[in-house]
Amino acid sequence: MFPRRPPATLAAWLAGARGGGLLSVLANQCRFVTGLRVRRAQQIAQLYGRLYSESSRCVLLGRLWRRLRGPPGHASALMAALAGVFVWDEERIQEEELQRSINEMKRLEEMSNIFQGSGVENHPPEPKTPAEGNEKSKDKEEPWEMVMDKKHFKLWRRPIAGTHLYRYRVFGTYTDVTPRQFFNVQLDTEYRKKWDALVIKLEVIERDVVSGSEVLHWVTHFPYPMYSRDYVYVRRYSVDQENNVMVLVSRAVEHPSVPESPEFVRVRSYESQMVIRPHKSFDENGFDYLLTYSDNPQTVFPRYCVSWMVSSGMPDFLEKLHMATLKAKNMEIKVKDYISAKPLEMSNEAKATTPTSERKSEGSHGPARIEYA
């Protein structure tokens with residue numbers, strides 16, 4: 001039998017435990033267990049680093065994350081941000097998004113014969129399909145409104161339901177540069193830093209080994225007295241040589257390695273889709289393009305002021321892009337040729353590949369394509 005502790009002594013011991021003795025023991029135990037698990041995790045990471053390539057580790061990490069995160073939603077996105085993980089399974093641009101943009105161009109072609117002539121003289125604002133008609137009646141979207149009408153360039157806008165913003169659509173033609181040149185100049189981030197004086201920073205943050213999508217960080221000047229804006233967005237493009245069409249799709253994302261900076265205003269709502277249709281081939285002068293664009297620049301100006309800035313800024317940007325393409329062509333400035341780059345293996349998006357892997361199209365998997373970001 002243990003001697004019974006006197007009540008006064010027991011009370012004093014409990015008071016001492018509450019004063020830090022018991023808590024100190026628990027804290028030391030937690031630190032020991034945490035340190036042990038961290039060291040164990042580092043050992044496992046080093047082991048897998050020796051056994052697997054970078055692409056294999058990314059796939060393994062993605063599978064582990066999918067098991068841990070549970071159903072998609074705000075909580076899983078928050079966990080990913082806290083863990084410093086960018087979840088490609090949720091953020092990569094899917095094949096359906098590329099095809100949707102191409103279908104927009106196809107519907108315009110079906111509505112008119114503009115591609116047989118100069119390209120844009122009789123361009124209708126937008127074709128209607130039964131599905132779109134039902135959606136329109138449901139969402140009460142307004143029709144496209146003509147903003148600018150030039151011989152080789154037309155600009156429309158349409159209000160975005162529930163906001164003070166517009167979505168813009170540009171349809172135009174160039175006959176003095178090739179589709180390949182125009183496409184490459186858009187994608188070459190290093191060359192853009194030279195021809196676009198508004199660029200403060202433009203760099204690729206991360207690349208998806210599965211789809212070829214890329215995350216970019218873009219910082220750009222805005223007109224005085226507004227602060228500069230920065231965009232974090234994912235982009236992906238496709239070159240369909242069989243159907244003679246190119247498409248580039250971009251939209252805003254959040255990335256843990258690019259936190260918001262007090263020096264810039266972060267633009268969190270941004271979408272852009274560019275479709276290019278050569279008149280003949282990728283290497284002969286002449287093509288039509290369809291650009292659909294929207295963003296929220298986070299300004300305090302009235303709606304008509306923002307609309308004026310975008311409506312005037314978009315033609316100015318496209319002309320700078322055009323002139324940069326001409327300059328690269330005439331002065332033989334070296335621009336990366338994305339079309340000639342080796343394609344990513346795209347037949348199975350559930351399987352990761354390296355950026356240099358190649359596969360020929362098989363059976364009924366669809367038209368032969370070069371896809372990369």
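Guide: A residue counts as buried under 20% relative accessible area and as exposed over 50%, with partly exposed in between. Glu 260, at 47% relative accessibility, is therefore partly exposed, and Arg 268, with a relative accessible area of 41%, is partly exposed as well. This is a predicted model, and in it these two residues form a salt bridge whose closest N and O atoms are 2.3 Å apart. Arg 268 and Glu 260 also belong to a network of salt bridges that links them with Asp 230, Glu 254 and Arg 266.

A search of the whole structure finds 21 salt bridges, and another of them joins the side chains of Arg 235 and Glu 214, with 3.2 Å from N to O. Because Arg 235 lies in strand S6 (residues 229–240) and Glu 214 in strand S5 (residues 214–220), this pair ties together parts that are 21 residues apart in sequence. Arg 235 has 5% relative accessibility and so counts as buried, and Glu 214, with a relative accessible area of 2%, is buried too. A further salt bridge is formed by Asp 149 and Lys 154, where the closest N and O atoms are 2.2 Å apart; Lys 154, at 6% relative accessibility, counts as buried.

Turning to the rings, the structure holds 14 aromatic pairs. Phe 183 and Tyr 237 form one that is edge-to-face, at 5.4 Å centre to centre and with 85° between the planes. This pair links distant parts of the chain, since Phe 183 is in helix H7 (residues 179–187) and Tyr 237 is in strand S6, 54 residues apart. Phe 183 is buried at 1% relative accessibility, and Tyr 237 is buried with a relative accessible area of 1%.

Tyr 231 and Tyr 270 form an aromatic pair that is likewise edge-to-face, with 5.3 Å centre to centre and 75° between the planes. Here Tyr 231 is in strand S6 and Tyr 270 in strand S9 (residues 270–278), so that distant parts of the chain, 39 residues apart, are linked.

Charge and ring come together at Trp 218, where Arg 192 lies over the face of the ring at 4.9 Å from its centre. Arg 157 is placed over the face of Tyr 166, at 4.3 Å from the ring centre.

Methods. Residues are numbered from 1 along each chain as its sequence is written. This is a predicted model: local features need pLDDT of at least 70, side-chain atom pairs count only at pLDDT 80 or more; totals for chains, interfaces and linings use all residues. Side-chain values use heavy atoms; hydrogens and water are left out. A salt bridge is a side-chain nitrogen of Lys or Arg within 4 Å of a carboxyl oxygen of Asp or Glu. Buried means under 20% relative accessible area, exposed over 50%, partly exposed in between (1.4 Å probe, protein chains only). Helices (H or I, at least four residues) and strands (E, at least two) are DSSP runs, numbered from the N terminus. Rings of Phe, Tyr and Trp (its six-membered ring) pair if their centres lie within 6.5 Å; planes under 30 degrees apart count as stacked, over 60 as edge-to-face and the rest as tilted. A charge sits over a ring if NZ of Lys or CZ of Arg is within 6 Å of the ring centre and within 35 degrees of the ring normal.
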